[in-house]
Every structure is written in C-alpha cells, then in structure tokens.
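Thank you all for making time this morning.

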Amino acid sequence: MTEIVPVSGPELVTYADELAALLVDTVHDGASVGFLDPLDRGAAADWWRERARAVEAGTLRVWLARDGERVAGTVSLVPASLPNARHRAEVAKLMVRPSGRGRGLGRALLAAVDDWAASEGLSLLVLDTETGSAAERLYRAAGWTECGSVPEYARDPAGTLRATTFYYKTPGERGKGGKPDATAGPDGAGATMGGDAF
C-alpha cells in the first residue's frame with residue numbers, strides 16, 4: 001500500500017538515491033521538471049541532498065509517495081518568503097514513477113500539499129507546467145485554474161523550448177469530486193515552476 005508522507009531534511013538525504021532514480025526516470029520519460037536528458041543519477045542524488053538544508057529551514061516542504069521503502073512519487077512546496085507574499089506557495093517537482101502512473105498517486109500527492117497549505121492558513125497555491133502536457137489534465141481535474149501561458153518559457157528534456165502554462169488554486173477546494181482520477185494521464189510528471197523553483 002502506498003502512503004504519502006512529509007520528510008525532514010535528514011530523511012530527504014536518506015531517500016536521495018531513490019529520489020534520484022525517480023528524477024532520472026521522469027526526465028527520461030519526457031517530463032519537463034527542470035532537467036535535460038540524459039541526467040546523471042549521481043548528479044540527481046546530489047541535487048536532492050542539496051535540498052535538505054532548505055527542508056530543515058522550512059523554506060521547502062517535500063512529500064513522498066512510498067510503496068514500502070520504494071519511492072513511487074514526490075511533490076514539493078515552496079512557501080513564499082517575502083512579507084507581502086506569505087499567503088501563497090508554489091507547487092514544484094510533482095513526479096510519479098512511469099510504472100506507477102494511472103493509480104491516482106499524482107492526485108494524492110497534490111491533495112497532501114493542498115491539505116497542508118489549508119492547515120497552515122495559506123490562501124493561494126500556484127504552479128506551472130509544459131503547455132499541452134498530460135500533466136495539465138491532472139491539474140484541471142484536481143481543481144486548478146489555468147491563468148495563462150508564456151511561449152518558449154523552458155526547455156523540455158530534449159532541449160527544445162516549449163510554452164509553459166500557469167495554474168492557481170485555493171487550498172481546500174477540491175476538483176471533480178476530490179478523489180483520484182485514474183484517467184488523468186501521467187498523473188503528475190511535470191509541475192516545473194519554470195524548471196528552477198528550487
């Protein structure tokens with residue numbers, strides 16, 4: 001059974017190799033999450049380890065979808081730090097292993113972020129993803145609202161410049177019944193935040 005859990009900085013370091021494998025697989029599968037293909041697994045593990053300090057400082061939140069000890073997916077949240085923006089946060093690096101898609105893990109990860117944001121009193125969540133990607137279906141089904149796109153905003157894993165579409169939602173509001181949608185496509189590969197949110 002898969003469980004969605006938040007992780008501490010030390011736990012993030014512990015799971016860095018598993019997260020690296022997830023990131024490499026996701027990029028190789030074509031998801032635009034800020035990296036180019038091929039992505040070196042060692043470099044991906046280092047990238048995750050470097051996030052641990054931000055998690056400990058509270059400037060980054062990371063959740064894992066765990067299937068036993070195996071990481072099946074992840075999502076991150078970057079709370080805004082400036083005084084006039086502390087009501088909002090950015091969703092980033094939503095990824096589900098290609099072999100685990102279509103089971104509602106993307107929706108479950110988004111719901112965990114949404115629940116935490118609502119419990120913390122945040123009133124706005126934002127994210128962006130590659131325009132035309134299957135991830136857009138997931139976000140719409142989960143209650144996110146499209147607010148525009150920017151052409152040639154980020155490179156896809158093959159290095160081609162692609163348009164990016166931006167979405168927002170109010171924490172606590174669920175889309176289409178508030179339950180996982182197994183027809184939502186790749187179920188979470190692609191919240192890019194421009195590819196460089198953290």
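Let me begin with a definition, since much of what follows rests on it: a salt bridge here is a side-chain nitrogen of Lys or Arg within 4 Å of a carboxyl oxygen of Asp or Glu. Before I apply that, please keep in mind that this is a predicted model, in which local features need pLDDT of at least 70 and side-chain atom pairs count only at pLDDT 80 or more, while totals for chains, interfaces and linings use all residues. Residues are numbered from 1 along each chain as its sequence is written, and side-chain values use heavy atoms, with hydrogens and water left out.

By that criterion, E146 forms a salt bridge with R140, with 3.2 Å between the closest N and O atoms. R140 also forms a salt bridge with E136, where the closest N and O atoms are 3.4 Å apart. R140 and E136 both belong to helix α6, residues 135-141, and sit four residues apart, about one turn of the helix; helices here are DSSP runs of H or I with at least four residues, strands are runs of E with at least two, and both are numbered from the N terminus.

Which of these residues are buried, and which are partly exposed? I use buried for under 20% relative accessible area, exposed for over 50%, and partly exposed for in between, with a 1.4 Å probe and protein chains only. E136 is buried, at a relative accessible area of 5%, whereas R140 is partly exposed at 40%, and E146 is partly exposed at 42%.

In total, the structure holds ten salt bridges. One of them joins the side chains of E18 and R97, at 3.3 Å from N to O. This pair links distant parts of the chain, for E18 is in helix α2 (residues 16-28) and R97 is in the loop between β4 (88-96) and α5 (105-119), 79 residues apart. R97 is buried, with a relative accessible area of 5%, while E18 is partly exposed, with 26%. Elsewhere, D17, D46 and R49 are linked in a network of salt bridges.

Turning to the strands, I count two strands as paired if DSSP finds at least two bridges between them. Strand β6 (residues 145-155) and strand β7 (residues 161-169) pair in the antiparallel sense over seven bridges, and V150 has T164 in β7 as its bridge partner. The hairpin of β6 and β7 has five residues between the strands, and in this hairpin G159 takes a positive phi near 95 degrees.

Another glycine, G68, is placed in the loop between β2 (61-67) and β3 (70-79). G68 is partly exposed, with a relative accessible area of 45%, and its C-alpha atom is separated by 7.2 Å from that of M1, although G68 and M1 are 67 residues apart along the chain.

Finally, the overall picture. The secondary structure comes to six helices and seven strands, which follow the pattern β-α-α-α-α-β-β-β-α-β-α-β-β along the sequence. Buried residues make up 50% of the 198 residues. If contact means heavy atoms within 4.5 Å, then among contacts between residues at least 6 apart in sequence, 69% join residues at least 24 apart.
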